[in-house]
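Student: I'd like a close look at one part of this model, taken strand by strand and contact by contact. Please keep it brisk, and give the cut-offs as you go.

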Amino acid sequence: MQADGPRACRFGRRWYLNNESWHPSVPPFGEMKCILCWCVSGETHCQRQECPPATCANPARRDNPCCAKCRGECEPWHVGTAPPGTP
């Protein structure tokens with residue numbers, strides 16, 4: 001007996017259509033923005049976002065909360081303005 005079409009996936013209390021992707025919500029943490037799940041023919045697949053290794057001693061998570069990056073040695077400033085940290 002054949003199925004009518006691609007099967008949906010269940011994750012937690014929600015159902016997702018075939019080829020649909022989402023960030024899972026895991027209580028008590030909430031939505032996991034650094035993990036992506038997707039549905040393939042009734043099977044749920046999830047993967048954490050891969051990040052390149054940081055090459056400095058104190059990386060920060062500024063633009064992307066999932067991946068830490070090294071800060072530049074100085075912040076850019078524009079001609080005609082005082083550099084950051086000066087009166």
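In β7, which residue is the bridge partner of Ile35?

Tutor: The partner of Ile35 in β7 is Arg48. This is a predicted model, in which local features need pLDDT of at least 70 and side-chain atom pairs count only at pLDDT 80 or more, while totals for chains, interfaces and linings use all residues. Residues are numbered from 1 along each chain as its sequence is written, and side-chain values use heavy atoms, with hydrogens and water left out.

Start with the strands. The protein chain has seven strands and zero helices. Both are DSSP runs, numbered from the N terminus: a strand is E with at least two residues, a helix is H or I with at least four. Along the sequence the pattern reads β-β-β-β-β-β-β.

Ile35 belongs to β6, which covers residues 35–40. An open sheet holds three strands in the order β3-β6-β7, with antiparallel pairing. Two strands pair if DSSP finds at least two bridges between them. In general, strands of a sheet pair through backbone hydrogen bonds, either parallel or antiparallel. Here β3 (21–22) and β7 (43–48) are the edge strands, each pairing on one side only. Between β6 and β7 there are six bridges. The next residue of interest is Leu36, whose bridge partner in β7 is Gln47.

The β6 and β7 strands form a hairpin with two residues between them. Ser41 sits in that loop. The phi of Ser41 is positive, about 50°, although the residue is not a glycine. Most residues other than glycine have a negative phi, and most peptide bonds are trans. Ser41 is partly exposed, with a relative accessible area of 40%. The scale is this: buried is under 20% relative accessible area, exposed is over 50%, and partly exposed lies in between, with a 1.4 Å probe and protein chains only.

Now the side-chain view of Ile35. Leaving aside neighbours within four places in sequence, Ile35 is in contact (heavy atoms within 4.5 Å) with Trp22, His23, Pro24, Cys46, Gln47 and Arg48. So the bridge partner Arg48 is also on the contact list of Ile35.

Ile35 is one of the six residues of the largest nonpolar core, together with Cys9, Tyr16, Trp22, Cys37 and Cys39. Such a core is a set of buried Ala, Val, Leu, Ile, Met, Phe, Trp, Tyr and Cys residues joined through side-chain atoms within 4.5 Å. Strand β6 gives the largest share of this core, three residues.

Two core members carry rings. Tyr16 and Trp22 are both buried. Their ring centres lie 3.6 Å apart and their planes meet at 5°, so this pair is stacked. Rings of Phe, Tyr and Trp (its six-membered ring) pair if their centres lie within 6.5 Å; planes under 30 degrees apart are stacked, over 60 edge-to-face, and the rest tilted. The whole structure has two aromatic pairs. Ring pairs link Phe11, Tyr16 and Trp22 into a cluster.

Follow Ile35 to Pro24. Pro24 lies in the loop between β3 and β4 (25–26). Pro24 is buried, at 4% relative accessible area. Beyond four places in sequence, Pro24 is in contact with Phe11, Gly30, Glu31, Met32, Ile35 and Cys37. Phe11 and Pro24 are 13 residues apart in sequence, and their C-alpha atoms are 7.9 Å apart.

Two other loops deserve a check. In the loop between β4 and β5 (30–31) sits Pro28, and a cis peptide bond joins Pro27 to Pro28, with omega about 0°. In the loop between β2 (14–16) and β3 sits Asn19. The phi of Asn19 is positive, near 70°, and Asn19 is exposed, at 61% relative accessible area.

Last, the whole chain. Of its 87 residues, 14% count as buried. Its accessible surface is about 7600 Å², 53% of it on carbon and sulfur atoms. Mean pLDDT (the predictor's confidence in each residue, from 0 to 100) is 78, and 76% of the residues reach 70 or more. Over residues 73–87 pLDDT stays under 50, and the model has five contacts beyond four places in sequence for them. Where pLDDT is low, the predicted coordinates should not be read in detail.

Notes:
Accessible areas come from the Shrake-Rupley method with a 1.4 Å probe; for residues, only the protein chains shown count as cover.
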